[in-house]
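Hi,

Here is the structure I promised to pass on. Please open it alongside this note; my findings follow below.

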Amino acid sequence: MKYLLTNKFHFPESSILMLTEEETDPYRTPTKQNMRMALYWLVQGCQPGDSLLFHYSGHGSRQRNYNGDEVDGYDETLCPLDFETQGMIVDDEINATIVRPLPHGVKLHAIIDACHSGTVLDLPFLCRMSRSGQYIWEDHRPRSGVWKGTNGGEVFSFSGCDDDQTSADTSALSKITSTGAMTFCFIQAIERGHGATYGSILTAMRNAIRQAGGSSGVDLGGGAVTSLISMLLTGGSVGMGGGFSQEPQLTACQPFDVYAKPFSL
């Protein structure tokens with residue numbers, strides 16, 4: 001992803017903050033505190049004309065929602081490295097940190113490659129697309145009337161799967177190494193010239209994952225045993241014959257024509 005941002009979209013390397021498990025610097029590992037600080041850093045001091053990007057590839061989950069602001073009754077979450085002791089980062093916090101403060105003229109794209117990630121930014125509208133490419137915008141605004149959109153800015157989120165699905169890691173797509181299927185398909189869509197509109201990207205990603213449906217090498221992040229357990233517990237994203245049933249999703253702060261609006265970072 002870093003290569004794509006710096007070479008295709010010309011993001012300066014100095015503008016990219018990466019948190020990874022491989023880091024030796026304790027402030028660059030994806031702990032809950034570091035991830036929270038990185039989210040604040042992303043939007044701090046943003047000005048009209050700025051283009052921001054949040055990419056997350058890791059574990060996601062969901063938990064019962066008790067304040068009535070979720071259509072499906074669940075909050076979606078990201079799982080930091082230390083989530084077992086420090087807890088998860090809930091979609092309400094993500095929305096309050098990087099969505100609601102965005103002023104007019106600022107654009108944010110999120111690319112979230114995780115289980116249960118469909119509405120993890122808690123954006124008000126979800127693009128429900130059929131396999132034939134027809135779509136409608138679902139209204140996910142809370143009945144309470146609380147605004148989950150921005151302060152005038154634009155936000156678009158591509159996610160690895162629907163809220164009730166899991167996202168796979170697979171070597172069936174890259175043929176080289178195990179990687180997040182959604183991340184790989186997003187990069188592939190851009191590099192193969194399908195990045196003209198939001199609709200063309202979403203369609204290309206879904207087609208790539210669907211075509212890999214019969215391929216081998218699927219892993220939900222911990223080998224065959226973890227894959228089997230994950231399928232039994234969650235319904236799984238691995239279909240018959242080792243394929244995927246995950247479907248990448250698009251959410252936004254406002255509905256728009258996905259086949260007409262040009263995509264740009």
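Angles run from 0 to 180 degrees between N-to-C directions, with axes fitted to C-alpha atoms. Keep in mind that this is a predicted model.

The sheet comes first. It is open and has 6 strands, in the order β1-β5-β8-β12-β6-β7. The pairing is mixed. At the edges sit β1 (51–57) and β7 (135–139), and each pairs on one side only. From one strand to the next, the twist averages 20°.

Strands β8 (residues 154–159) and β12 (residues 249–252) run antiparallel to each other, over 4 bridges. Phe-156 has Ala-252 in β12 as its bridge partner.

Two helices lie across the sheet strands. Helix α7 (residues 198–211) lies across β5, β6 (125–129), β8 and β12. Its direction is at about 10° to β8. Helix α6 lies across β1, β5 (107–113) and β8. The angle of α6 to β5 is about 130°.

Why is α6 (residues 181–191) described as largely enclosed by the rest of the structure? Buried means under 20% relative accessible area. Of the 11 residues in α6, 9 are buried, so the helix is largely enclosed. Those buried residues are Ala-181, Met-182, Thr-183, Cys-185, Phe-186, Ile-187, Gln-188, Ala-189 and Ile-190.

Best wishes

Terms used. Residues are numbered from 1 along each chain as its sequence is written. This is a predicted model: local features need pLDDT of at least 70, side-chain atom pairs count only at pLDDT 80 or more; totals for chains, interfaces and linings use all residues. Side-chain values use heavy atoms; hydrogens and water are left out. Buried means under 20% relative accessible area, exposed over 50%, partly exposed in between (1.4 Å probe, protein chains only). Two strands pair if DSSP finds at least two bridges between them. Contact means heavy atoms within 4.5 Å.
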